[in-house]
Amino acid sequence: MSRHKQQKKIPGGRLLRLADQIQKDLAEMIQREIPISRAGLITLSEVELSADYAHAQVYFTVMGAEPDVAVAALNGKAGYLHSLLFKRLHIHTVPPLHFHY
């Protein structure tokens with residue numbers, strides 16, 4: 001009999017952990033990099049990753065600005081935020097970011 005506890009594997013466990021980490025890191029970066037006066041107060045609600053890590057759909061809400069302005073500001077900084085994420089996460093593939101209100 002094995003002395004080690006059997007760990008239950010959650011389907012898509014790594015995918016969910018990575019999505020949560022991306023959401024946490026992005027929230028910090030958006031707070032630092034995008035001025036509130038330009039895009040309002042942005043709150044990330046969810047990050048969905050594709051199964052092959054090819055795309056990250058980032059869903060958010062905004063207060064103090066029009067959603068279209070916030071989407072434009074986030075998509076304008078998406079490449080820069082992607083490069084910061086790449087430096088932070090230390091994984092082989094960091095998916096491009098697509099922001100949705």
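**Close-up views of a predicted model**

The side chains of Arg 88 and Glu 28 form a salt bridge, with 3.0 Å from N to O. A salt bridge here is a side-chain nitrogen of Lys or Arg within 4 Å of a carboxyl oxygen of Asp or Glu. Arg 88 belongs to helix α4 and Glu 28 to helix α1, so the pair ties together parts 60 residues apart in sequence. This is a predicted model, in which local features need pLDDT of at least 70, side-chain atom pairs count only at pLDDT 80 or more, and totals for chains, interfaces and linings use all residues. Residues are numbered from 1 along each chain as its sequence is written, and side-chain values use heavy atoms, with hydrogens and water left out.

**View 1. Asp 25, Glu 28 and Arg 88 are linked in a network of salt bridges.** The structure holds 2 salt bridges. One of them joins the side chains of Asp 25 and Arg 88, at 3.3 Å from N to O. Asp 25 sits in helix α1 (residues 13-33) and Arg 88 in helix α4 (residues 78-89), so this pair ties together parts 63 residues apart in sequence. Burial is given by relative accessible area: buried is under 20%, exposed over 50%, partly exposed in between (1.4 Å probe, protein chains only). Arg 88 is partly exposed at 30%. Glu 28 is also partly exposed, at 33%.

**View 2. Asp 25 of helix α1 is buried, with a relative accessible area of 6%.** Leaving aside residues up to four places away in sequence, Asp 25 touches Leu 85, Arg 88 and Leu 89. Contact means heavy atoms within 4.5 Å. Asp 25 and Leu 85 are 60 residues apart in sequence, and their C-alpha atoms are 7.3 Å apart in space.

**View 3. The largest pocket has a volume of about 190 Å³.** Of its 13 lining residues, Ala 27, Ile 30, Gln 31, Leu 41 and Ile 42 are the closest to the pocket centre. Helix α1, helix α2 (36-39) and strand β1 (41-49) each supply at least two lining residues. The lining has 9 nonpolar, 4 polar and no charged residues. Ala, Val, Leu, Ile, Met, Phe, Trp, Tyr, Cys and Pro count as nonpolar, Asp, Glu, Lys and Arg as charged, and the others, Gly among them, as polar. A pocket is an open set of points on a 1 Å grid over the protein atoms alone, where a 1.4 Å probe fits, with protein on both sides within 12 Å along at least five of seven lines; lining residues have an atom within 4 Å of a point. Points are joined across faces, edges and corners, and the volume is the space filled by probe spheres set on them.

**View 4. Tyr 53 has a positive phi of about 60 degrees, although it is not a glycine.** Tyr 53 is found in the loop between β1 and β2 (56-63).

**View 5. His 90, a residue other than glycine, has a positive phi near 55 degrees.** His 90 lies in the loop between α4 and β3 (97-100). At 68% relative accessibility, His 90 counts as exposed.

**View 6. The protein chain has 4 helices and 3 strands.** Helices (H or I, at least four residues) and strands (E, at least two) are DSSP runs, numbered from the N terminus. From the N terminus on, the elements run α-α-β-β-α-α-β. Buried residues make up 32% of the 101 residues.
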